[in-house]
Amino acid sequence: MKILSIQSAVAYGHVGNSAAVFPLQRIGVEVLPVYTVNFSNHTGYGAWRGPLISPDDVREVITGIEERGVLPEIDVVLSGYQGGEGIGDVILDAVARVKAANPDAVYACDPVMGNAKSGCFVAPAIPVLLRERVVPAADIITPNQFELGFLTETEPADLASTLASADLARDMGPRTVLVTSVERPDRPTGTIEMLAVTDDGAWIVQTPHIPMKANGSGDVTAALFTAHYLASGDAADALARTTSSVFDLLTRTHVSGQRELQLIEAQESYAHPSMQFEVTQVR
């Protein structure tokens, strides 16, 4: 499998491609990382250095890859946080070019906009861009519950309303929706869930909630789920493997007391997930 991953990069820490690439490589996936920024660290620190890469320069890198004759071999275009409308145009153009070269290729989009605690933290134009142009072009999306509501202009809460919102998202274009950070009002205290919805059904998995903010964990989740699902075609298995790997990564990070994901230290959790959580079919 080859994945063209168009995301940010940081020298210190793990977000964007600096979070997604290594876990994918560790499970045997060839990744072509294309950077949209090259920062010293993620912006959550409040201070960072380095360039935002212009959309034209990002497009040039993708064109150079195309000139090597590689696009027919690309199975997935993966994108995460989109810093501006120009980058959205470049990603959509890359998706169109890859799909023209390989009609079986898919576009997996993590529609990063915000979360329930901090609200929307992207530029005002980005949610509109995602809702109107990017998500309709995607085959797989991996929103959290807040982002799912924003995309569909609904308020998913319990299982029924979250499934209904996922179906509305699927009506927009993508056939597969992975809802991360599902927080149902009736869930047991101290737990959190992930929900996968496809044409074949819907599955949910529950884990203990680890009390920490972990920048980059969504990038790892989107990458691993996409790769596992495309490798097997089995959404329940992909959900189980991804949940196991990410939970162990977050546990190791929490125990370490470090702010940044312990991405390298947790590598055996990607290669050999312990499959410790039961996945339940809910539709």
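Okay, housekeeping. It's a predicted model, so local features need pLDDT of at least 70 and side-chain atom pairs count only at pLDDT 80 or more, while totals for chains, interfaces and linings use all residues. Residues are numbered from 1 along each chain as its sequence is written, and side-chain values use heavy atoms, with hydrogens and water left out.

Let's start with the sheet. Helices (H or I, at least four residues) and strands (E, at least two) are DSSP runs, numbered from the N terminus. Two strands pair if DSSP finds at least two bridges between them. On that basis you get an open sheet of nine strands with mixed pairing, and the order is E2-E1-E3-E4-E7-E8-E9-E10-E11. Strand E2 (30-39) and strand E11 (279-281) are at the edges with a single partner strand each, so one side of each has no neighbour in the sheet.

Look at E9 (residues 191-198) and E10 (residues 201-208): they run antiparallel, joined by eight bridges. Leu195 sits opposite Ile204 in E10, if you want a pair to click on.

Now what packs on this sheet? Helix H3 (residues 85-101) does, touching strand E1 (2-10), E2, strand E3 (76-79) and E4. Contact here means heavy atoms within 4.5 Å. The direction of H3 makes about 155 degrees with that of E4. For the angles, axes are lines fitted to C-alpha atoms, for helices over the stretch in contact, and values run from 0 to 180 degrees between N-to-C directions. Helix H5 (residues 145-152) lies across strand E7 (140-141) and strand E8 (176-182), at about 130 degrees to E8.

On to the cores. A nonpolar core is a set of buried Ala, Val, Leu, Ile, Met, Phe, Trp, Tyr and Cys residues joined through side-chain atoms within 4.5 Å. Buried means under 20% relative accessible area, exposed is over 50%, and partly exposed is in between (1.4 Å probe, protein chains only). The largest core has 42 residues, and Leu4, Ile6, Tyr107 and Ile141 touch the most other members. H3 supplies the largest share of this core, seven residues. Apart from it there's another core, of 38 residues, including Ala20, Val205, Ala223 and Ala235.

Let me zoom in on Ile141. Beyond residues up to four places away in sequence, Ile141 touches Cys109, Pro111, Val135, Leu151, Ala169, Pro174, Thr176, Val177 and Leu178.

What caps the N-terminal end of H5? Asn144 does, with a side-chain oxygen 3.1 Å from the backbone nitrogen of Phe146. That's a polar contact: a pair of N or O atoms within 3.5 Å where, within protein, one must be able to donate a hydrogen and the other to accept it, and residues adjacent in sequence count only if both atoms are side-chain atoms. After H5 comes Glu153, with a positive phi near 55 degrees.

Two single residues, quickly. Met113 is in the loop between strand E4 (106-109) and strand E5 (114-115), and counts as buried because its relative accessibility is 0%. Thr226, in helix H7 (residues 217-232), is buried as well, at 1%. The Thr226 side chain reaches the backbone oxygen of Ala222 at 2.8 Å.

Last topic, charges. There are 14 salt bridges in the structure, each a side-chain nitrogen of Lys or Arg within 4 Å of a carboxyl oxygen of Asp or Glu. Asp93 pairs with Arg59 at 3.3 Å, N to O. That links distant parts of the chain: Asp93 is in H3 and Arg59 is in helix H2 (residues 55-67), 34 residues apart. Arg97 has a salt bridge to Glu66, closest N and O atoms 2.6 Å apart. Arg97 is in H3 and Glu66 in H2, so this pair ties together parts 31 residues apart in sequence.

Elsewhere, salt bridges that share partners join Asp167, Arg170, Arg175, Asp199 and Arg283 into one network.
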